[in-house]
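I am opening this notebook to record what I looked up, entry by entry, for a reader who has not seen the structure before.

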Amino acid sequence: MERKDFIEKVGLSAASILIFGCMQGCSKSDGPAPANPTGTNNPNPANKVDFTINITNSPYTSLNTAGGFYVDRTNNIIIARTLTDEFLAVSSLCTHQQVTLEYQASNNRFVCPSPPGHGSLFSSTGAVVNGPAASVLKQYKTTPTGNSLRVYEL
Ligand code: FES
């Protein structure tokens with residue numbers, strides 16, 4: 001093999017190694033993390049409850065009356081209208097054994113019906129008044145505007 005041929009072959013091999021190494025080193029998995037379009041380092045608003053209902057439309061018409069309540073089984077939220085026309089919203093599942101709660105307007109509190117539940121009582125803000133439930137209910141914000149009611153969490 002002549003010197004010129006030797007250099008050409010060695011040069012091609014070296015170039016191949018360099019190119020292969022560069023391709024591995026420049027692959028996407030080793031590059032900087034891509035920008036996160038959903039901003040998971042911050043709270044993701046898409047995961048927060050935030051909906052608006054028209055209380056004059058079915059199935060929400062029970063909220064047209066003071067003392068009425070409605071259970072949103074999609075979001076597991078009980079929405080109540082107090083006798084003084086305030087709107088409350090808390091988790092509709094008892095923290096004892098997940099039985100669906102009811103609103104007791106005369107006492108402005110949420111009740112776990114017995115049976116099938118065991119009679120726990122929660123305040124209008126979801127605090128435990130009487131067990132056996134030991135944990136508070138999640139509370140949601142409500143903003144009424146005309147016939148619309150927005151239920152959301154911050
Ligand atoms: S499930 Fe509500 S008190 Fe037991």
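**Entry 1: overall make-up.** I began with the secondary structure and found that the protein has 1 helix and 10 strands, where helices (H or I, at least four residues) and strands (E, at least two) are DSSP runs, numbered from the N terminus. Reading from the N terminus on, I noted the order of the elements as α-β-β-β-β-β-β-β-β-β-β. I remind myself that this is a predicted model, in which local features need pLDDT of at least 70 and side-chain atom pairs count only at pLDDT 80 or more, while totals for chains, interfaces and linings use all residues. Residues are numbered from 1 along each chain as its sequence is written.

I then looked up burial, and 19% of the 154 residues of the protein count as buried. A residue is buried if 20 or more other C-beta atoms lie within 10 Å of its own, exposed if 12 or fewer, and partly exposed in between, with C-beta atoms placed from the backbone. For contacts, I used pairs whose C-beta atoms, placed from the backbone, lie within 7 Å. Of the contacts in the protein with a separation of 6 or more, 32% are between residues 24 or more positions apart.

**Entry 2: the sheet of β2, β3 and β4.** Here I found 3 strands forming an open sheet in the order β2-β3-β4, with antiparallel pairing; two strands pair if DSSP finds at least two bridges between them. Because β2 and β4 stand at the edges with a single partner strand each, one side of each is left without a neighbour in the sheet. From one strand to the next, the twist averages 15 degrees, taken from axes that are lines fitted to C-alpha atoms (for helices over the stretch in contact), with angles that run from 0 to 180 degrees between N-to-C directions.

I followed the two pairings in turn. Strands β2 and β3 are antiparallel over 4 bridges, and Asp72 stands opposite Ile77 in β3. Strands β3 and β4 are also antiparallel, over 5 bridges, and Arg81 has Phe87 in β4 as its bridge partner.

The hairpin of β3 and β4 has 5 residues between the strands, and Asp85 takes a positive phi near 65 degrees there. Is Asp85 buried or exposed? I found that Asp85 is exposed, with 9 other C-beta atoms within 10 Å.

Strand β4 is mostly covered, since 4 of its 5 residues are buried. I took Val90 as an example and, leaving aside its neighbours within four places in sequence, found it in contact with Ile78, Phe110, Gly126, Leu137, Lys138, Gln139 and Tyr140. As background, I noted that nonpolar side chains tend to be buried together in soluble globular proteins.

**Entry 3: the sheet of β5 to β8.** A further open sheet has 4 strands in the order β5-β6-β7-β8, with antiparallel pairing. Its edge strands are β5 and β8 (128-130), each of which pairs on one side only. Strands β7 and β8 run antiparallel and are joined by 2 bridges, and Phe122 has Val128 in β8 as its bridge partner.

**Entry 4: backbone details in the loops.** Asn108 lies in the loop between β5 (102-104) and β6, and its phi is near 45 degrees, a positive value in a residue other than glycine. Asn108 is partly exposed, with 16 other C-beta atoms within 10 Å.

Pro115 is found in the loop between β6 (109-111) and β7 (121-122), and Pro116 is found in the loop between β6 and β7. The peptide bond from Ser114 to Pro115 is cis, with omega near -15 degrees, and the bond from Pro115 to Pro116 is cis, with omega near 10 degrees.

Entry 5: Lastly I looked up Phe51, which sits in strand β1 (residues 50-54) and is partly exposed, with 13 other C-beta atoms within 10 Å. Phe51 and Glu153 are 102 residues apart in sequence, and 9.7 Å separates them in space, C-alpha to C-alpha.

Technical notes:
Contact = placed C-beta atoms within 7 Å.
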